[in-house]
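Hi,

Here is the structure I promised to pass on. Have a look at it first, and my notes follow below.

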Amino acid sequence: MGSTVLSLRIDGELLDRLRQHAAKRGMSVQDYVVRTLIRDDFDERFTAAVEETEKFYGDSEETEKLYGDSEEETGPDGGVRHSLTPPVT
């Protein structure tokens, strides 16, 4: 996959903020912006995939009826994870 040049005209204050954010991460402004765009693109594709899955399998309320209440737990990275607990029969 090749690369293409994208030229942007942005406000000076925004560029300063981008420089500060990039510097905190030890990155160039270009790398910071590209990674931000990639992350945003992933988030959009992930959200679309979740929505398609919900359409296919139905509403989350129906899922809870089948598998019980969802439980939240904190993962090792500090993020919240949801797991469905199958009902006890």
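The largest pocket has 17 lining residues, and Thr4, Leu6, Gln30, Val34 and Leu37 are the ones nearest its centre. (On a 1 Å grid over the protein atoms alone, a pocket is an open set of points where a 1.4 Å probe fits, with protein on both sides within 12 Å along at least five of seven lines; lining residues have an atom within 4 Å of a point.) Its volume is about 560 Å³, taken as the space filled by probe spheres set on the points. The lining splits into 12 nonpolar, five polar and no charged residues, where Ala, Val, Leu, Ile, Met, Phe, Trp, Tyr, Cys and Pro count as nonpolar, Asp, Glu, Lys and Arg as charged, and the others, Gly among them, as polar. H2 gives the most, with six residues.

Keep in mind that this is a predicted model: local features need pLDDT of at least 70, side-chain atom pairs count only at pLDDT 80 or more, and totals for chains, interfaces and linings use all residues. Residues are numbered from 1 along each chain as its sequence is written, and side-chain values use heavy atoms, leaving out hydrogens and water.

On to the helices (DSSP runs of H or I, at least four residues, numbered from the N terminus). H1 (residues 12-24) packs on H2 at about 90°, with the axes, lines fitted to C-alpha atoms over the stretch in contact, 9 Å apart. The pair is therefore roughly perpendicular (65 to 115 degrees). Leu15, Leu18, Arg19, His21 and Ala22 of H1 meet Val29, Tyr32 and Val33 of H2, with contact meaning heavy atoms within 4.5 Å.

Conventions
Axes are lines fitted to C-alpha atoms, for helices over the stretch in contact, and angles run from 0 to 180 degrees between N-to-C directions. Helices (H or I, at least four residues) and strands (E, at least two) are DSSP runs, numbered from the N terminus. Angles under 35 degrees count as roughly parallel, over 145 as roughly antiparallel, 65 to 115 as roughly perpendicular and the rest as oblique.
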